[in-house]
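Opening the notebook on this one.

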Amino acid sequence: MVRARVTVTGIVQGVGFRPFVWRLAASLRLKGYVLNATGEVVIEVEGPETTIEGFLDSLRSEAPPASRIEKVVVEKLAPAGYLTFAIRRSEEELPRNVFISPDLAICADCRRELLDPGDRRYRYPFTNCTNCGPRFSIIEHMPYDRGRTTMRVFRMCRDCLAEYSDPGDRRYHAQPNACPVCGPRLWLEDSRGRKLECDDVAREAAALLRRGKVVAIKGLGGFHIACDATNDEAVLTLRARKFREEKPLALMCKDLAQVRRLCLVSGEEEELLTSAGAPILLLPKRDPCAVADSVAPKNASLGVMLPYTPLHVLLMEEVDFPLVMTSGNLTDDPIAIENSDANRRLSEIVGYFVMHDRDIHASSDDSLVRGGNGAPFMVRRSRGYAPSPLALPLDVVPTLACGAELKNTVCLAKGHYAFLGEHIGDLENELALERFERSIARLSEQLMIEPEIVAHDLHPEYLSTKFALAQSGVRLVGVQHHRAHVASCMGENRLEEPVIGVALDGLGYGDDGDWWGFEFFRGDYSALEHVGTSRPVAMPGGARAIREPWRMAFAFGHDAVGDSILKMEMPWSDESSRQRVEIIHQMLHKHVNSPLASSCGRLFDAVASLVGVRHSCSYEGQAAMELEALALQGQTQDRYPFLVEKGSHVPIELDLRPLIEALLEDAMRGSEGREMARKFHNSVAEAVIGGCGIIAEETSLEKVVLSGGCLQNVLLVRLLREGLSREGFQVFTQKEVPPNDGGISFGQALIANGATSR
Ligand code: ZN
Ligand code: ZN
Ligand code: FE
């Protein structure tokens with residue numbers, strides 16, 4: 001007889017872990033107890049040693065689907081003579097690590113009950129259990145308990161309470177447990193907020209969608225705006241009212257069979273779609289494809305997800321077409337989460353609202369994963385993932401990292417873990433700033449992290465920077481944007497040793513106050529030395545040059561061949577554009593409103609315009625995405641020339657003027673766009689590999705870490721991976737944390753700790 005004290009850390013509360021342990025112990029006839037301590041589950045089991053070994057194996061291998069075990073510590077003790085196995089009441093003790101479960105997609109059991117006419121929860125849109133349902137979005141305070149969630153206003157009926165109290169039941173301590181007798185309710189409203197009488201809201205909403213109506217639907221972490229994705233007119237109406245011209249819209253499909261009819265999907269991707277995270281997955285579109293062209297115009301991919309709440313299941317059962325399911329907001333505002341706010345902000349967009357009375361405390365936009373490349377990676381990490389712990393390669397002091405400006409997320413870190421918060425969006429208005437501040441307050445309270453370090457971007461005008469600088473009693477650490485990108489990739493891959501870091505990005509504030517975005521580093525978290533860049537090029541018109549790639553095309557062309565660019569037959573050289581071309585030409589010569597940038601993103605924009613793909617954008621990254629899609633059709637292995645030189649203030653400067661000059665010649669000759677686009681991709685990869693080669697010669701570093709917004713380009717990633725591996729490098733990219741600015745806060749937290757421990 002032996003006794004073991006087992007401490008399990010991770011997402012082990014509110015996910016059915018204790019009843020699982022109870023059932024497991026009972027089946028093995030072990031005695032002892034299980035209890036929730038703050039942030040961990042403590043178990044004592046007593047019995048024959050071999051049985052206890054079996055218990056420990058099953059503890060990991062059979063753990064409930066929604067749980068995530070980070071660590072199991074086993075201590076052998078002298079037997080205590082337990083007579084039963086009990087679930088003990090939680091002890092109040094000093095907290096060490098607190099973990100918060102993300103929201104979870106509806107499980108198979110709940111789904112079956114939902115559609116079973118004999119079940120007491122038949123067609124009940126708020127059914128859930130310990131394996132599924134809302135968590136993060138309804139938690140107001142920790143520890144996780146019904147009384148500290150937005151479910152506290154609903155008093156459980158006798159039946160629900162019986163399930164909740166029975167360790168043998170799937171709903172034992174399922175905090176959001178509810179049924180039609182006692183739980184939240186659904187109703188339908190028109191855009192003026194008048195309640196519409198109907199027997200079955202899901203059926204009625206489905207009927208409206210079939211008639212081409214645009215309907216707002218309150219979901220798990222916010223409102224969606226939905227319409228029939230096969231109805232071009234409905235989609236165009238939605239776009240016009242939402243002021244969203246061309247940016248692709250996400251779809252919800254009924255099941256995998258429907259996904260397979262629209263897209264190419266691998267086995268691994270199907271698993272991702274049906275996982276508890278249930279993200280939107282970007283997949284290659286089939287040709288022909290049944291959805292309206294206006295869903296994702298000129299885009300080779302579709303973003304699809306499966307129903308992840310009972311309400312979605314009910315809706316999708318009633319329609320035989322995929323639905324557009326886009327965030328309930330105007331253009332780039334944060335997603336609406338409150339009924340009154342949704343009504344105010346969305347009533348111009350939708351005709352009807354499907355409302356409910358379970359409040360959403362924290363917003364959680366749908367997560368977005370890019371697939372179709374054999375290695376799916378996160379583009380937006382939010383619902384279903386945030387704020388799951390990310391294990392760190394080093395110990396950190398309590399830290400708040402405020403992120404960047406676009407695609408903002410905040411990150412809290414302590415000890416061995418970082419917690420990346422929900423997607424906030426572009427921090428460019430009051431609404432977003434308010435959401436940002438609320439996210440920080442909520443996460444630091446719930447995770448019990450009182451920051452000693454506050455990390456921020458170097459850009460003085462970012463609202464996130466201004467927020468950080470207003471904090472007192474903490475150590476403020478400014479972290480350069482691209483070092484944060486590189487560290488975010490290092491951290492995710494749990495690298496501690498010195499590496500070569502490459503950031504291929506849009507724009508970030510550099511050490512010198514100039515715009516950076518094509519940068520080489522070497523070192524570790526304590527110091528990432530800036531060792532390379534690309535020759536900076538002016539952005540005529542500043543921010544307008546981001547929206548209008550033709551300006552960048554002109555600037556890159558002008559930099560490469562001087563005024564002879566004016567004589568070339570270019571998309572902008574027709575009579576009507578002569579004047580605006582002359583204006584930016586003057587701006588370049590006089591250095592007026594033309595900040596210099598060494599940006600990979602702007603280079604892609606310029607080339608997209610030079611090969612004729614796109615001259616002006618209606619959303620961020622559009623030109624580069626279309627250039628990638630075109631390059632994927634190209635075959636050539638050729639590349640353009642470029643120079644690697646000694647820079648004026650860094651050891652390496654890539655000079656891409658020969659590339660642009662050769663590309664202009666190709667364009668004049670009328671070469672095929674897809675071959676030029678491919679050749680350009682080959683060249684950028686080759687230039688990066690060349691830069692890494694020079695750094696490696698001096699340092700013998702073998703690990704190359706790649707990050708930044710341009711790493712969302714899967715062709716570029718493939719070329720870099722192949723080329724760098726061929727040169728003997730070990731290549732690291734991101735999977736769980738977005739390579740774009742959504743991952744910046746995570747990297748900031750690591751650099752800030754590395755820098756202060758130096
Ligand atoms: Zn369930
Ligand atoms: Zn009930
Ligand atoms: Fe960036």
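**Cores.** I started with the largest nonpolar core, which in this predicted model has 74 residues. Leu504, Phe518 and Phe680 come out with the most contacts inside it. I then looked up which element gives the most to this core: helix α20, residues 673–699, with 11 residues.

Next I picked Phe680 and listed what it touches, leaving out residues up to four places away in sequence. My list for Phe680 reads Leu603, Phe604, Val607, Leu627, Tyr640, Leu659 and Leu663. I also found another core, lying apart from the largest one, with 51 residues. Val2, Val34, Ala66 and Leu433 are among the residues of that other core.

**Cavities.** How many cavities of 30 Å³ or more are there? I get 5.

The largest cavity has a volume of about 140 Å³. I count 18 residues lining it, and Pro125, Leu220, Thr309, Pro310 and Arg358 are the closest to its centre. Sorted by class, that lining has 10 nonpolar, 6 polar and 2 charged residues. Where does the largest cavity sit relative to domain 2 and domain 3? Domain 2 (108–165) and domain 3 (186–377) both give residues to its lining, so I put the cavity between them.

The second largest cavity comes to about 100 Å³. Its lining has 13 residues, with Arg535, Val537, Phe556, Leu603 and Leu656 nearest the centre. Looking for elements that give two or more residues to this lining, I found α15 (549–561), β27 (652–655) and α19 (657–668). By class I have 7 nonpolar, 2 polar and 4 charged residues around the second largest cavity.

**Leu711.** Last stop was a loop, the one between β28 (703–707) and α21 (714–726), where Leu711 is found. Is Leu711 buried or exposed? Its relative accessible area is 4%, and the cut-off for buried is under 20%, so I call Leu711 buried.

For its contacts I set aside neighbours within four places in sequence, and Leu711 then has Phe377, Leu504, Leu706, Val717, Thr733 and Pro739. Leu504 turns up again here, having already been noted for its contacts inside the largest core. I also checked Leu711 against Glu428, 283 residues apart along the chain: their C-alpha atoms are separated by 24 Å.

Notes:
Residues numbered from 1 in each chain as written. Chains lettered and ligands numbered in written order. Predicted model: local features only at pLDDT ≥ 70, side-chain atom pairs only at ≥ 80, totals over all residues. Heavy atoms only, no water. Core = buried A, V, L, I, M, F, W, Y, C linked by side-chain atoms within 4.5 Å. Buried < 20%, exposed > 50% of the residue type's maximum accessible area, 1.4 Å probe, protein only. Helix = DSSP H or I, 4+ residues; strand = E, 2+ residues; numbered from the N terminus. Contact = heavy atoms within 4.5 Å. 1 Å grid on protein atoms, 1.4 Å probe; cavity = no way out; pocket = protein on both sides within 12 Å on 5 of 7 lines; lining within 4 Å. Points joined across faces, edges and corners; volume = space filled by probe spheres on them. Nonpolar A, V, L, I, M, F, W, Y, C, P; charged D, E, K, R; others polar. Domains from an automatic or database assignment.
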